[in-house]
Amino acid sequence: MSQPGDPHYDPSPVNPLPVAVWILFGMIVAVEAVFSLGEAGLFGGPGAVGWRLEALNSYAFSGEAFDYMLRNGVILWEHMLRFVTYPFVHGSFTSFIFAGVILLAMGKMVGEVLGGGAVLLIFFLCGICGALIFALITSQPWLTGAYPSVYGLIGTYTFLMWQRLAATGGQQAQAFTLIGFLMGIQLVFGIFVNVGLVWVAELGGFVTGFAVTAFVVPGGVARVLAAMRRR
């Protein structure tokens, strides 16, 4: 353990979060703060109550708009922009809380290993791919919140854990415990509450994060191919 006077001594009780994680979390918090304060009547006057709904209509990912573009072979840039804006708009304060907690936890772990640039790349790329998979597979009209993006960070964390267990001779299936637990909760919760098919986007984000990490981590692709050959 490092002591005062040691050049590596850090008096902070916790390791600081990577800047990229703070930026993403700060953007999500800022948007949610405006909505929540407006709904509570503390900011923006009577019209602020509807700000969340207006933002969802303007910035949430629209599956219907994507289907229209696909059918007619056109690109509507205002709807293409939604691929990167929808993670910052949540349908409720509770949804924001859970997404924010996962972002802080997974972002810290991924950022410490791969760096802040990788966190940003994975967050946005997994959000885009999650929305794309959601639009192609389901017929649901809207996708909101950062879950596909943060599930992408879970995918990266899973790959890193899987790689570590493979190198140390551990049980590699343990690396998938977290995603299995979260998907299990989704399944149980879906029995009692209609949560729709957002899990499709979340799983798509997870798979994208796992796959992208194979190309980011040195030797990642070779390890995946070796695992496939063994099967």
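Predicted model: local features only at pLDDT ≥ 70, side-chain atom pairs only at ≥ 80, totals over all residues.
Leu81 sits in the loop that joins helix 4 (77–80) to helix 5 (82–85), helices being DSSP runs of H or I with at least four residues, numbered from the N terminus. With a relative accessible area of 47%, Leu81 is partly exposed (buried is under 20%, exposed over 50%, partly exposed in between, with a 1.4 Å probe and protein chains only). Residues are numbered from 1 along each chain as its sequence is written, and side-chain values use heavy atoms, leaving out hydrogens and water.

**Salt bridges**
- The structure holds three salt bridges (a side-chain nitrogen of Lys or Arg within 4 Å of a carboxyl oxygen of Asp or Glu).
- Glu32 and Arg52 pair at 2.8 Å, N to O; Glu32 lies in helix 1 and Arg52 in helix 2, so the pair ties together parts 20 residues apart in sequence.
- Arg52 also meets Glu39 at 2.7 Å, N to O, and Glu32, Glu39 and Arg52 are linked in a network.
- Glu32 is buried at 3% relative accessibility and Arg52 is buried at 7%, whereas Glu39 is partly exposed at 39%.
- Lys108 and Glu112 form a salt bridge at 2.7 Å, N to O; they are four residues apart in helix 6 (residues 93–114), so about one helical turn separates them.

**Loop between helix 1 and helix 2**
- Phe43 lies in the loop between helix 1 (19–39) and helix 2 (51–59).
- Phe43 is partly exposed, at 41% relative accessibility.

Technical notes:
Helix = DSSP H or I, 4+ residues; strand = E, 2+ residues; numbered from the N terminus.
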